[in-house]
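Work through the exercises below with the sequence and the 3D view side by side. Try each task before reading its solution.

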Amino acid sequence: VQLQASGGGLVQAGGSLRLSCAASGRSFSSYSMGWFRQAPGKEPEFVAAISWSGGSLDYADSVKGRFTISRDNTKNAVTLQMNNLKPEDTAVYYCAAGYYNGRRGDSYNYWGQGTQVTVSS
């Protein structure tokens, strides 16, 4: 499966962005999907994950209550709605697909190219 992330940009603190990840290839609905981010000079960080059915969600504590992950298997797409953004959310955001909706990067087999999110104070 190939993944294409989009929707990043520059936003002021307190604002919102909606990231999208479009998947091509078969069996998208078989995969759990995750979002990760990496800020300059920092290790990659888990953000959110959703099971293949959408019935199981997981969020990093740092984004819980502000970010919402969802998916539409009919459109082969997963989204990350980000509200009340903070400067510390600034990072490149990556979507990933795998067979387990874990918090570890090695839980995922396929990765998108990343989209930049910049939050100004």
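## Exercise 1: The disulfide

With 60° about the S-S bond, cysteine 21 and cysteine 95 are joined by a right-handed link. The model is predicted.

**Task.** Find which parts of the chain the pair links.

**Solution.** 
1. Place each partner. Cysteine 21 lies in strand S3 (residues 17-24), and cysteine 95 in strand S9 (residues 91-98).
2. Read the separation. The two are 74 residues apart, so the link joins distant parts of the chain.
3. Check the bond. The sulfur atoms of cysteine 21 and cysteine 95 are 2.1 Å apart. The cut-off is within 2.5 Å, so the pair counts as a disulfide.
4. Count. The total is one disulfide.

**Task.** Decide whether cysteine 21 and cysteine 95 are buried or exposed.

**Solution.** 
1. Cysteine 21 has a relative accessible area of 1%, so cysteine 21 is buried.
2. Cysteine 95 has a relative accessible area of 0%, so cysteine 95 is buried too.

## Exercise 2: Arginine 71

**Task.** Describe the surroundings of the side chain of arginine 71.

**Solution.** 
1. Locate the residue. Arginine 71 sits in strand S7 (residues 67-72).
2. Arginine 71 is buried but has none. Aspartate 72 is the nearest side chain of opposite charge, 8.1 Å away.
3. List neighbours. Leaving out residues up to four places away in sequence, arginine 71 touches several residues, including Phe28, Met33, Trp52 and Val78.

Technical notes:
Residues are numbered from 1 along each chain as its sequence is written. This is a predicted model: local features need pLDDT of at least 70, side-chain atom pairs count only at pLDDT 80 or more; totals for chains, interfaces and linings use all residues. Side-chain values use heavy atoms; hydrogens and water are left out. Helices (H or I, at least four residues) and strands (E, at least two) are DSSP runs, numbered from the N terminus. Buried means under 20% relative accessible area, exposed over 50%, partly exposed in between (1.4 Å probe, protein chains only). Lys and Arg count as positive and Asp and Glu as negative; His and the chain ends are not counted. A salt bridge is a side-chain nitrogen of Lys or Arg within 4 Å of a carboxyl oxygen of Asp or Glu. A polar contact is a pair of N or O atoms within 3.5 Å; within protein, one must be able to donate a hydrogen and the other to accept it, and residues adjacent in sequence count only if both atoms are side-chain atoms. Contact means heavy atoms within 4.5 Å.
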